[in-house]
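Me: I'd like to go through this one and ask what backs up each label. Here it is.

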Protein chains: 2
Amino acid sequence: MARHSLRDDIFASAMKLFLKHGFNYSSVQDITSDAGVPKGSFYNHFESKEALGAEVVAAYWPEISACATILADPKVAPLRRIKRYFEAVNNYFAEREFAEGCMIGNFSAELSDQSELIRERLAEVYASWTQAIEVAIKAGQTDGSIPKQIRAADLAKFLLCAWEGALLRARVERQREPLDIFAKVMLKKILC
Amino acid sequence: MARHSLRDDIFASAMKLFLKHGFNYSSVQDITSDAGVPKGSFYNHFESKEALGAEVVAAYWPEISACATILADPKVAPLRRIKRYFEAVNNYFAEREFAEGCMIGNFSAELSDQSELIRERLAEVYASWTQAIEVAIKAGQTDGSIPKQIRAADLAKFLLCAWEGALLRARVERQREPLDIFAKVMLKKILC
């Protein structure tokens, strides 16, 4: 039990520091110090910082998908689900004043060339995330509320990319405006 | 003269390594080794790695704006200029097989929270870049080829964010598809 908890502590500290400072700025020493465990214990639980990074990426998806349940709610009209979903994620990041940002976008920028293992995990998370948006768009295309001109999979991928880019810019500007513009263009141009 | 050239060598190595490995993965030692200069000489020319990073960001805009001249060419119809511009930048990154990516997007993800100095430079580059796209959109709104429903400044900001997000995803997927979807949705939904 103690052993399991030590691993959890290291993992939680890594999640926190990778979000706060990025992957390369957070050393194994920083992570074990934050977790309050001896540095040597790290390698009893993780093969490498890279392996830990890949696990953290995979674990980030359940955090994202808490919001994503909004996308799958059959009691709400599809277009409204998509609108509410992006409102929820935008509010989430606005409450944090756009510090930290999204681990998936951050690691995509920082590690796509550096770690094949992490790049593969990122691709998996993007695929699941896009799929969740695609399902709602498809439902809208089926009930006629969203035009079929462009297939749901492409619209979903486009929206997720556009949102990640808007969050990056919101972080640089320290303001919500890029995310509000994203929501406006999505509703007034892309999904209608 | 020799002193000037040493500074240039350090600067060129920093530009190369920051693009290749990011800011935090590239140490002053890495940069001076790559430049073939003594580590101690770094601080004769730059106050800190952060100050160098801010200069590199500012210098990245002229590189971007080489493509951006396409956006300002009055001999070409505005919508066609925008299409050609994004074709040019997408080809640029496709030729590099999506390694490295865009310094502006990468540093936004890695450094927005870490360096106020670099964050401010990023905001300036984004503003200039958005402005270049806005001018072309405005020309299209004036000649009636682009609808006026959403103001040019917002459309320009949206497109730049969406493109940065698409490039991030192209890097993770190691394929051009996200950039092609960006171009398709831009032309079929956003600018028409």
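**Where the chains meet**

Reply: Starting with the interface of this predicted model: chain B and chain A bury about 4500 Å² between them, and 59% of that comes from carbon and sulfur atoms. On the chain B side, B:R169, B:V172 and B:K189 supply 17% of the area buried against chain A, more than any other three residues.

Me: What makes B:K157 and A:E177 a salt bridge?

Reply: The rule wants a Lys or Arg side-chain nitrogen within 4 Å of an Asp or Glu carboxyl oxygen. The side chains of B:K157 and A:E177 have N to O at 2.4 Å, so the pair qualifies. The count between chain B and chain A is 10 salt bridges.

Me: Which elements give two or more residues to the side of chain B that touches chain A?

Reply: α1, α6, α7, α8 and α9 of chain B. The largest share is from α8(B), with 14 residues. By class, that side has 24 nonpolar, 11 polar and 17 charged residues.

**The largest pocket**

Me: What is the lining of the largest pocket like, by class?

Reply: It has 10 nonpolar residues, no polar ones and 1 charged. Among those lining the pocket are B:E63, B:Y60, B:C67 and B:W129.

Technical notes. Residues are numbered from 1 along each chain as its sequence is written. Chains are lettered from A and ligands numbered from 1 in the order in which they are written. This is a predicted model: local features need pLDDT of at least 70, side-chain atom pairs count only at pLDDT 80 or more; totals for chains, interfaces and linings use all residues. Side-chain values use heavy atoms; hydrogens and water are left out. Buried area is the accessible area (1.4 Å probe) that two parts lose on being put together, summed over both. Helices (H or I, at least four residues) and strands (E, at least two) are DSSP runs, numbered from the N terminus. Ala, Val, Leu, Ile, Met, Phe, Trp, Tyr, Cys and Pro count as nonpolar, Asp, Glu, Lys and Arg as charged, and the others, Gly among them, as polar. On a 1 Å grid over the protein atoms alone, a cavity is a set of points where a 1.4 Å probe fits but cannot get out, and a pocket is an open set with protein on both sides within 12 Å along at least five of seven lines; lining residues have an atom within 4 Å of a point.
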